[in-house]
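Visitor: I would like to learn how to read a few features of a structure, taking each general idea together with its case.

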Amino acid sequence: VQGARRGSIRLVAPDILLSEFCHSLHKAMRAGVREVLTLPLTDSALGDALQRCALHQAKLQEQASQGATQAKVVAMLACKGGSGASFLATNLSYLMAAEFSKSCALVDLDLQYGDATFYLGADAAKNHIGDLTHQIERLDAQLLLSCLHPVAPKLALLAAPQDMETALSITASQVEKVLRLARQKHEVLVLDVHRAMDALAIQALDMADVVYLVLDNTMPSVRDAKRQVKLFRSLGYADDKLRVLVNRYDSHGFVDLKSIEEAVGLPVVHTVPQQWTAATESI
């Protein structure tokens with residue numbers, strides 16, 4: 001390889017050239033490159049390449065419409081900050097995969113302050129949902145797979161962005177497309193949804209089969225749960241779509257389960273006991 005400095009010549013070992021080529025090839029594949037053409041072009045080369053790309057896209061659409069599985073979509077939503085919804089969502093996802101052998105994906109939709117990548121792998125996820133939404137026009141199963149972080153057998157994570165600018169650029173329509181594709185590729189889809197009821201959160205909750213309202217048995221948390229149930233009913237959500245889950249339940253707490261049910265207007269379907277030491281060590 002000729003060098004530019006002082007007319008020198010630099011000899012590069014073949015294995016280094018191969019490594020650089022593979023690195024460039026991987027970058028091209030991630031960017032969506034499907035064809036490589038040699039210049040100068042022959043008369044039919046470009047047309048043939050475009051035709052192959054069109055056939056590939058048609059095949060992907062056909063596969064998506066035929067025999068596509070529809071995952072059960074479970075949304076976890078904290079009634080008040082610090083209720084432990086993210087902690088429960090990550091552990092529920094792991095149980096679905098490890099104990100029930102379900103192909104499961106956890107999608108962290110707390111885009112600005114998501115913790116799922118920390119809970120499920122010490123911030124090891126290299127890609128996030130923003131890598132999909134920035135290329136939404138070419139979203140397919142291969143691109144989705146490249147952005148999913150493998151956590152355990154049958155469990156994958158689609159992490160939230162690491163920066164605020166990317167989080168704010170993601171739209172509800174983009175999230176809808178991502179979730180529809182992810183739903184076709186898994187048996188269970190767990191959504192960790194942020195509390196702010198914006199268009200993005202409502203889009204995710206609309207697509208959910210079940211919404212778990214996570215609260216503890218304290219007055220502020222119960223008050224917010226009551227307000228959320230009222231909002232969801234105004235959005236047309238049926239009561240059987242909503243589940244009240246009491247986390248860190250303390251039987252000696254100020255608000256008992258009967259009072260929670262009377263205030264919220266829904267039964268408590270499950271409680272998770274207060275175990276500060278175990279939960280803290282887990283985190």
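Visitor: Where is the place of Asn 217?

Guide: Before answering, note that this is a predicted model, in which local features need pLDDT of at least 70 and side-chain atom pairs count only at pLDDT 80 or more, while totals for chains, interfaces and linings use all residues. Residues are numbered from 1 along each chain as its sequence is written, and side-chain values use heavy atoms, with hydrogens and water left out. Helices (H or I, at least four residues) and strands (E, at least two) are DSSP runs numbered from the N terminus, and Asn 217 lies in the loop between strand 6 and helix 10 (219-234).

Visitor: Is Asn 217 buried or exposed?

Guide: Buried means under 20% relative accessible area, exposed over 50%, and partly exposed in between (1.4 Å probe, protein chains only); Asn 217 is buried because its relative accessible area is 5%.

Visitor: Which backbone oxygens does the side chain of Asn 217 reach?

Guide: A polar contact is a pair of N or O atoms within 3.5 Å; within protein, one must be able to donate a hydrogen and the other to accept it, and residues adjacent in sequence count only if both atoms are side-chain atoms. The side chain of Asn 217 reaches the backbone oxygen of Asp 250 at 2.8 Å and that of Val 255 at 3.2 Å. For contact in general (heavy atoms within 4.5 Å), and not counting residues up to four places away in sequence, Asn 217 touches several residues, including Val 246, Arg 248, Phe 254 and Ile 260.

Visitor: Which strands pair with strand 1?

Guide: Two strands pair if DSSP finds at least two bridges between them. Strand 1 runs parallel to strand 5, joined by 6 bridges, with Val 190 as the bridge partner of Val 74. Strand 1 also pairs in the parallel sense with strand 6 (residues 210-215) over 5 bridges, where Ala 75 stands opposite Val 211. Strand 1 (residues 72-78) is mostly covered, since 6 of its 7 residues are buried.

Visitor: What do the buried residues of helix 9 pack against?

Guide: In general, an α-helix has 3.6 residues a turn, so residues three or four places apart point the same way. In helix 9 (residues 199-207), the buried residues are Leu 200, Ala 201, Gln 203, Ala 204, Leu 205 and Met 207. The buried residues of helix 9 pack against strand 1, strand 2 (104-109), helix 8 (172-184), strand 5, strand 6 and helix 10.
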